[in-house]
Amino acid sequence: MSATATVNNPFFARVWTYLSAHETEWLHDRRRENLAGLTGRVLEVGAGTGTNFAFYPATVTQVVAVEPEPRLREVAERAAAAAPVPVTVRAGTAEDLPAGDPFDAVVCSLMLCSVADPDAVLRRLADQVRPGGQLRYFEHVASPGPRGGLQRAVDATFWPRLFGNCHTHRDTEASIVAAGFVAADSRRGHQFPRWAPVPVSEFVLGRAVKPA
């Protein structure tokens, strides 16, 4: 993996470091749910500050965590040292993943919103998973109705600039299926009350499988 495949975003790094250090139990429960039952070797893409690391089950033998932002990666390395399973943190982007031994699973948590081309990234992730392996995802996604209109408005203006290229109005599950994964199970919900005008309220949490 090329060490030059990085993202320099000091403002977002400060914001995300603060937010991830103050996550609610609700978010922790979603992270646990997303990782439950994983086994073997796992690739985590867009690891951020390593918030997931504490929740990997003991059945995971190795986590390779990729994070392109150097300030976030530094925090993730500290989280890796305290993780209950072996975690290696590497520099790089999802687009820059090299070919190698396939993983048993790939984990995406609140990151598919921020890549420039989610369809291309998901095809690249499919190459990283063994036949029969899993993609686990916890992402905020496009909403219908007035909230969807709000998402489109913020995506076209200030939101991506402030929040690390985050785009709130994406049909992430359609992109996952288009990349060759088969949907196994998923559920949708809201992090905030349905009436709250927050563009990142709706989320999807699910599991998809690469055909054998």
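**Entry 1: strand β3**

I am working from a predicted model, in which local features need pLDDT of at least 70, side-chain atom pairs count only at pLDDT 80 or more, and totals for chains, interfaces and linings use all residues. Residues are numbered from 1 along each chain as its sequence is written, and side-chain values use heavy atoms, with hydrogens and water left out. My helices (H or I, at least four residues) and strands (E, at least two) are DSSP runs, numbered from the N terminus.

Next I checked the partner of β3. Strand β2 (residues 60-66) runs parallel to β3 and is joined to it by four bridges. One pairing I noted is V63 with V87 in β3.

**Entry 2: the sheet**

I then followed the strands across the sheet. Seven strands make an open sheet with mixed pairing, in the order β3-β2-β1-β4-β5-β7-β6. β3 (87-90) and β6 (182-190) stand at the edges with a single partner strand each, so one side of each has no neighbour in the sheet. I took two strands as paired if DSSP finds at least two bridges between them. Neighbouring strands are turned by 15 degrees against each other on average, direction ignored.

R188 has V204 in β7 as its bridge partner. Strands of a sheet pair through backbone hydrogen bonds, either parallel or antiparallel.

I also looked at what lies over this part. Helix α2 (residues 25-35) lies across β4 (103-109), β5 (129-140), β6 and β7, and runs at about 165 degrees to β5. For that angle, axes are lines fitted to C-alpha atoms, for helices over the stretch in contact, and angles run from 0 to 180 degrees between N-to-C directions.

**Entry 3: salt bridges**

I counted 11 salt bridges in the whole structure. The criterion is a side-chain nitrogen of Lys or Arg within 4 Å of a carboxyl oxygen of Asp or Glu.

E23 and R31 meet through their side chains at 2.7 Å, N to O. Buried or partly exposed: which is E23? E23 is buried, at a relative accessible area of 13%, and R31 counts as buried at 4%. I used under 20% relative accessible area for buried, over 50% for exposed and partly exposed in between (1.4 Å probe, protein chains only).

R32 forms a salt bridge with D29, with the closest N and O atoms 2.9 Å apart. Both R32 and D29 lie in helix α2, three residues apart, about one turn of the helix. R32 counts as partly exposed at 36% relative accessibility, and D29 is partly exposed at 35%.

R207 and D185 meet in a salt bridge of 2.8 Å, N to O. This pair links distant parts of the chain, with R207 in strand β7 and D185 in strand β6, 22 residues apart. R207 is partly exposed, with a relative accessible area of 27%, and D185 is partly exposed at 40%. I also noted that R30, E33 and R187 are joined into one network by salt bridges that share partners.

**Entry 4: loops**

T168 lies in the loop between α6 and α7 and counts as buried at 0% relative accessibility. What is T168 in contact with, leaving aside its neighbours within four places in sequence? I found H140, V141, A142, Q151, V154, D155, W159, P199 and V200, where contact means heavy atoms within 4.5 Å.

N165 lies in the loop between α6 and α7. N165 is not a glycine, although its phi is positive, about 70 degrees. N165 is partly exposed, with a relative accessible area of 29%.

L110, in the loop between β4 and α4 (118-128), has a positive phi of about 55 degrees although it is not a glycine. L110 counts as buried at 19% relative accessibility. Most residues other than glycine have a negative phi.

**Entry 5: V177**

V177 sits in helix α7 (residues 172-178) and counts as partly exposed at 47% relative accessibility. I looked up its distance to A208: V177 and A208 are 8.2 Å apart in space, C-alpha to C-alpha, and 31 residues apart in sequence.
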